[in-house]
Amino acid sequence: MNDLHLMSVRRGMDDDLDVISELSRKLSLELNPTGSDEPDQIKKRIMKNIHSDGQAFLFEINNKIIGYSLVSKNNDPCSIEEFFIIPEERGKYYGNSA
């Protein structure tokens, strides 16, 4: 049996705001361990992004969220504003196609 798990990608919705904000907070702490935005500030920033010129995407394995990205559609081409995979899921080649 093949242990390969396929990653799925789905659009983040308003219902996903808490999980996206928590992942964004973890990214912020990883980049700057001495400080991070307050959870309410992060939620406001994420909400502003997805309600204006951006879109959030969630990465899942077996219905478990393992990461996210925020994409800005303000530029052509689009740009990735944030990208985060939880540390325990990194290096597992989910992004490779078989």
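Contact here means heavy atoms within 4.5 Å. The legends describe a predicted model, in which local features need pLDDT of at least 70, side-chain atom pairs count only at pLDDT 80 or more, and totals for chains, interfaces and linings use all residues. Residues are numbered from 1 along each chain as its sequence is written, and side-chain values use heavy atoms, with hydrogens and water left out.

View 1. Leaving aside residues up to four places away in sequence, R10 touches D16, A56, F57, L58, E60 and I65. R10 counts as partly exposed because its relative accessibility is 30% (buried is under 20% relative accessible area, exposed over 50%, partly exposed in between; 1.4 Å probe, protein chains only). I20 is 10 residues from R10 along the chain, and their C-alpha atoms are separated by 12 Å.

**View 2. An open sheet of 4 strands in the order β1-β2-β3-β4.** Helices (H or I, at least four residues) and strands (E, at least two) are DSSP runs, numbered from the N terminus; two strands pair if DSSP finds at least two bridges between them. The pairing in this sheet is antiparallel. β1 (8-11) and β4 (79-85) are the edge strands, each with a single partner, so one side of each has no neighbour in the sheet. From one strand to the next, the twist averages 25 degrees. β1 and β2 (residues 54-61) run antiparallel and are joined by 4 bridges, and S8 stands opposite E60 in β2.

**View 3. Helix α1 (residues 17-31) across β2, β3 (64-72) and β4.** Axes are lines fitted to C-alpha atoms, for helices over the stretch in contact, and angles run from 0 to 180 degrees between N-to-C directions. On this basis α1 runs at about 80 degrees to β3.

**View 4. Packing of α1 against α2.** The two helices pack at an angle of about 115 degrees, and their axes are 9 Å apart. α1 is therefore roughly perpendicular to α2 (the class covers 65 to 115 degrees; under 35 is roughly parallel, over 145 roughly antiparallel and the rest oblique). L17, D18, I20, S21, S24 and R25 of α1 meet I42, K43, R45, I46 and M47 of α2.

**View 5. The largest nonpolar core, with 18 residues.** Such a core is a set of buried Ala, Val, Leu, Ile, Met, Phe, Trp, Tyr and Cys residues joined through side-chain atoms within 4.5 Å. I20, I46, I66, Y68, L70 and F84 touch the most other members. At least two residues of this core come from each of α1, α2 (39-51), β2, β3 and β4. Not counting residues up to four places away in sequence, I66 touches M7, F59, E60, I61, F84, I85, I86, E89 and Y94.
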